[in-house]
Amino acid sequence: MLTLYGTELGSRMLLGTARYPSPAILAEAVRQAGTEAVTVSLRRETAGGRQGGAFFELIRELGVRVLPNTAGCHTVSEAVLTAKMAREVFGTNWIKLEVIGHHDTLQPDVFALVEAARILAGEGFEVFPYTTDDLVVAERLIDAGCRVLMPWCAPIGSASGPQNIAALRTMRAHFPDVPLIVDAGIGRPSHATTVMELGYDAVLLNTAVAGAGNPALMASAFAKAIDAGRAAFEAGMLEPRDMAVPSTPVIGKAVFS
Amino acid sequence: MTYIVNGETLESSAKTLSELLLALEYEGDWLATAVNGELVHRSDRADHRLNDRDRIEILSPMKGG
């Protein structure tokens, strides 16, 4: 069972709600994934606010927890205010904290991230920081009050899969008791299996599912891949070796010459 | 008075934040509001008096990753 800030979730897959062909397909993907938490955002609404209201209703009907994000924020003050506004709307202390530092790579500004995390943790938020795989930054985020870390494995939306397995492995070893969620960069179910085999606690996906030819089917494929990787981690895998080892016992083998 | 609402400059006779929301036909319990970079809670909107050139943000749920 995955426990995030004291909340138990039955699924190790968190799903974003953006970029689906239609709201109905989003809903079907959430159902097929069996996910129990989805990410959402806040944007300026035109007078009337009805578009946001319709989306809010759809999310409420899904019956899952929401993890609001601060996507698009580039400064500490923007991220902190967006988090507070998200808490007002969604009624949760959970916040996926993003402070973007670079336009092309969308990599986090980790200095601003740590500062914003400290402020928000001090105001009762349960912060899920979107961070890099840097160990020292991760330490600072823990010091700032984060109890979950969400390292990228590749740039957001790139679908390129784990780019630095060694760093992910080191992070897992260094923080054995902190829930670690790979957020961003996963493109295929096999990528998700890989990080789950490393012992990551969960995966947060969006584009890989929403941009697939059949998002609901892809959601189902990812759910199986994540479960498989987790089961493999728990079962304990063999370490690779260079030389062959016969799988059939050699004792009692017939001698014909 | 002149207000900057979600980046657009407009004129309104509204004196409080809740009057402004009403005048602009914002409705629903899913909105979040901020004035000059500070959150204004739903329950405080009726008492929040606006000043000329205040910057008002009105946000609403949207899909996100």
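Figure 1. Among the contacts in chain A that link residues at least 6 apart in sequence, 65% join residues at least 24 apart. This chain, which like the rest of the structure comes from a predicted model, holds nine helices and ten strands. Taken along the principal axes, the C-alpha atoms of chain A fill a box of roughly 90 × 40 × 35 Å. Of the 257 residues in chain A, 53% are buried, while the accessible surface of the chain comes to about 12000 Å², with 54% of that area belonging to carbon and sulfur atoms. Chain A carries 21 positive and 26 negative side chains, and the centres of these two sets lie 3 Å apart.

**Figure 2. Helix α7 of chain A and the elements around its buried residues.** Helix α7(A) covers residues 189-197, and within this helix A:H191, A:A192, A:T193, A:V195 and A:M196 are buried. After α7(A) comes A:G199, a residue whose phi is positive, near 100°.

**Figure 3. Strand β10 of chain A, with its two faces and its pairing partners.** Strands of a sheet pair through backbone hydrogen bonds, in either a parallel or an antiparallel sense. For β10(A), one parallel partner is strand β3 of chain A, residues 13-16, to which β10(A) is joined over three bridges; here A:L15 stands opposite A:L205. Strand β9(A) also runs parallel to β10(A), again with three bridges between the two strands, and in this pair A:I181 stands opposite A:A202.

**Figure 4. The open sheet β6-β7-β8 of chain A.** Three strands of chain A form an open sheet in the order β6-β7-β8, and their pairing is parallel. The edges of this sheet are β6 (94-97) and β8 (150-151) of chain A, each of which pairs on one side only. Strand β7 of chain A, residues 126-131, is joined to β8(A) by two bridges, the two strands running parallel, and A:T131 stands opposite A:P151 in β8(A).

Figure 5. When neighbours within four places in sequence are left aside, A:F125 is in contact with A:A83, A:K84, A:R87, A:N93, A:I95 and A:L120. One of these, A:R87, is 38 residues away from A:F125 along the chain, yet the C-alpha atoms of the two residues are separated by 8.7 Å.

**Figure 6. A:S158, in the loop between β8 and α6 of chain A.** A:S158 belongs to the loop that connects strand β8 with helix α6 of chain A. A:S158 counts as partly exposed because its relative accessibility is 32%, a value that falls between the limits of under 20% for buried and over 50% for exposed. From A:S158 to A:D134 the distance, C-alpha to C-alpha, is 19 Å, and the two residues are 24 apart in sequence.

**Figure 7. Chain B, its order of elements and its surface.** The secondary structure of chain B consists of one helix and five strands, which follow one another from the N terminus as β-β-α-β-β-β. The radius of gyration of chain B is 11 Å, close to the 11 Å that the globule rule gives for 65 residues, so chain B is as compact as a globular protein of that length. Along the principal axes, the C-alpha trace of chain B spans about 35 × 25 × 20 Å. Buried residues account for 45% of the 65 residues of chain B, and among its contacts between residues at least 6 apart in sequence, 54% join residues at least 24 apart. Chain B exposes about 3500 Å², of which carbon and sulfur atoms supply 46%. The mean positions of its 7 positive and 12 negative charges are 2 Å apart.

Conventions:
Residues are numbered from 1 along each chain as its sequence is written. Chains are lettered from A and ligands numbered from 1 in the order in which they are written. This is a predicted model: local features need pLDDT of at least 70, side-chain atom pairs count only at pLDDT 80 or more; totals for chains, interfaces and linings use all residues. Side-chain values use heavy atoms; hydrogens and water are left out. Buried means under 20% relative accessible area, exposed over 50%, partly exposed in between (1.4 Å probe, protein chains only). Helices (H or I, at least four residues) and strands (E, at least two) are DSSP runs, numbered from the N terminus. Contact means heavy atoms within 4.5 Å. Two strands pair if DSSP finds at least two bridges between them. The radius of gyration is taken over C-alpha atoms; the globule rule is 2.2 Å times the number of residues to the power 0.38. Accessible areas come from the Shrake-Rupley method with a 1.4 Å probe; for residues, only the protein chains shown count as cover. Lys and Arg count as positive and Asp and Glu as negative; His and the chain ends are not counted. The place of a charge is taken as NZ of Lys, CZ of Arg, CG of Asp or CD of Glu.
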